[in-house]
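The structure comes first, and the notes follow by topic.

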Amino acid sequence: GAQPPPGPLQNTSTKLVNDENHPYVMPGPKDIRGPCPGLNTLASHGYLPRDGIATPQQIVNAVQEGFNMENRLAIFVTWGAFLVDGNPITNLMSIGGRTGKTGPNPPPPAIVGGLNTHGLFEGDASTTRSDFYFGDNFSFNDTLFQDFINASITYGGGFYNQEAAAELRWNRIQDSIARNPTFTFLSPRPASAFGESSFPIDFLFPDGFHRREGAFGFGRPGIGDDVRVLFNAHPISPGHNEGAGNYVLNPEDPGLAAGSCFIYTQHVNVTIRGLYPNPKGHLRKSLRAGIATFYNAVAWPTCAQLFPYGVD
Ligand code: HEM
Ligand code: MG
């Protein structure tokens, strides 16, 4: 996290992703994969290290190169994840489960658990992964993917479009409310859930695995427009279950209404400070730099910058 993030691509035209330098190789038993189909694919095509351990810089470069994710959205998501799931001392993160390959860990309560870690970035009501409560929040789930196909047939005329995405998103949330007594839908999960439901439309389906034409991210049109369309089809306020079927609202959480500003403030002041209450030395410097990088990518222009670990 201490090193600066990569800049945007110079050339954002479409191109073959599955080219001769980036063949798909099935991950071996020691290669790590996790809850993100985008990053899993990039690792299996060698845009990320095939073992699934990467620096945040490598992740931003890979999502730009492989999917044309726009620079600021790529940095926002990557640093948002890295600061809670990665190792700020070694600058390495697992795209799946916890591993010694990310090097010596900072002291607890820091977790450094990789992207599988529940409740920091990974959250409930995912499209193709089960809720943590049901035991596996990271593996591709065939039954859920069948729901994805069925929604595309029923609502999208055979395509995973915004109509299909909106209905499937709503169904996944309703299913979790009904069955998961620990269901939680608090920031940043509303933004990531609605955003990720749009990702396959924005990034995943050009013929023969080409990347999309032009970068896509916080611009207009951009991910904010998609989130609005899906959310408006079936609005839901932030909340959590107190027992299966009993969804209780958390009105102190403005959810999507405050854009990425509440997400930023909550992430820095509550989540990151919770994991790193009193960092020292290189760790402190690295967190400070990482939080500044995260701030610079925030899309909401009126956010006040926070300095939990001081300034240089
Ligand atoms: C889900 C991380 C980029 C596609 C997730 C999840 C994480 C994650 C932690 C799990 C959240 C959850 O559903 O509980 C990241 C990071 C990225 C990134 C750190 C760095 C920029 C991308 C890109 C794509 C993508 C470029 C598209 C090509 C998806 C999709 C899901 C997802 C479709 C939802 C999967 C589901 O609901 O079953 N990502 N992601 N991600 N990601 Fe990524
Ligand atoms: Mg999940």
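This is a predicted model: local features need pLDDT of at least 70, side-chain atom pairs count only at pLDDT 80 or more; totals for chains, interfaces and linings use all residues.

Gly 123 and Ser 126 are both buried.

- For the iron atom of ligand 1, Cys 36 is the only protein donor, with its SG at 2.3 Å.
- Cys 36 lies in the segment before helix H1 (37–44).

**Helix H3 against helix H8**

- Helix H3 (residues 71–85) and helix H8 (residues 259–275) have axes that come within 10 Å and cross at roughly 20°.
- An angle under 35 degrees counts as roughly parallel, so H3 is roughly parallel to H8.
- The crossing of H3 past H8 is left-handed.
- On the H3 side, the residues in contact are Phe 76, Gly 80, Leu 83 and Val 84. They meet Ser 260, Ile 263, His 267, Thr 271, Ile 272 and Leu 275 of H8.
- Sorted by class, the residues of this contact of H3 with H8 are six nonpolar, four polar and no charged.

**Helix H5 against helix H7**

- The axes of helix H5 (residues 162–179) and helix H7 (residues 223–233) come within 9 Å, with a crossing angle of roughly 55°.
- H5 and H7 are therefore oblique to each other.
- H5 passes H7 in a right-handed crossing.
- H5 contributes Gln 162, Ala 165 and Ala 166 to the contact, while H7 contributes Asp 226, Val 229, Leu 230 and Ala 233.
- The contact of H5 with H7 holds five nonpolar residues, one polar and one charged.

**Phe 194**

- Phe 194 sits in helix H6 (residues 189–204).
- The relative accessible area of Phe 194 is 1%. Buried means under 20%, so Phe 194 is buried.
- Beyond its neighbours within four places in sequence, Phe 194 contacts Arg 169, Ile 173, Phe 185, Val 227, Leu 230, Phe 231, His 234, Ile 236 and Leu 256.
- One of these partners, Leu 230, also takes part in the contact of H5 with H7.
- Phe 194 and Val 63 are 131 residues apart along the chain, and their C-alpha atoms are separated by 19 Å.

Terms used
Residues are numbered from 1 along each chain as its sequence is written. Chains are lettered from A and ligands numbered from 1 in the order in which they are written. Side-chain values use heavy atoms; hydrogens and water are left out. Buried means under 20% relative accessible area, exposed over 50%, partly exposed in between (1.4 Å probe, protein chains only). Axes are lines fitted to C-alpha atoms, for helices over the stretch in contact, and angles run from 0 to 180 degrees between N-to-C directions. Helices (H or I, at least four residues) and strands (E, at least two) are DSSP runs, numbered from the N terminus. Angles under 35 degrees count as roughly parallel, over 145 as roughly antiparallel, 65 to 115 as roughly perpendicular and the rest as oblique. A crossing is left-handed if the near helix is turned anticlockwise from the far one by less than a right angle, and right-handed if clockwise. Contact means heavy atoms within 4.5 Å. Ala, Val, Leu, Ile, Met, Phe, Trp, Tyr, Cys and Pro count as nonpolar, Asp, Glu, Lys and Arg as charged, and the others, Gly among them, as polar. Donors are N, O and S atoms within 2.8 Å of the metal (3.2 Å for Na, K and Ca); water is not among the atoms, so sites may look incomplete.
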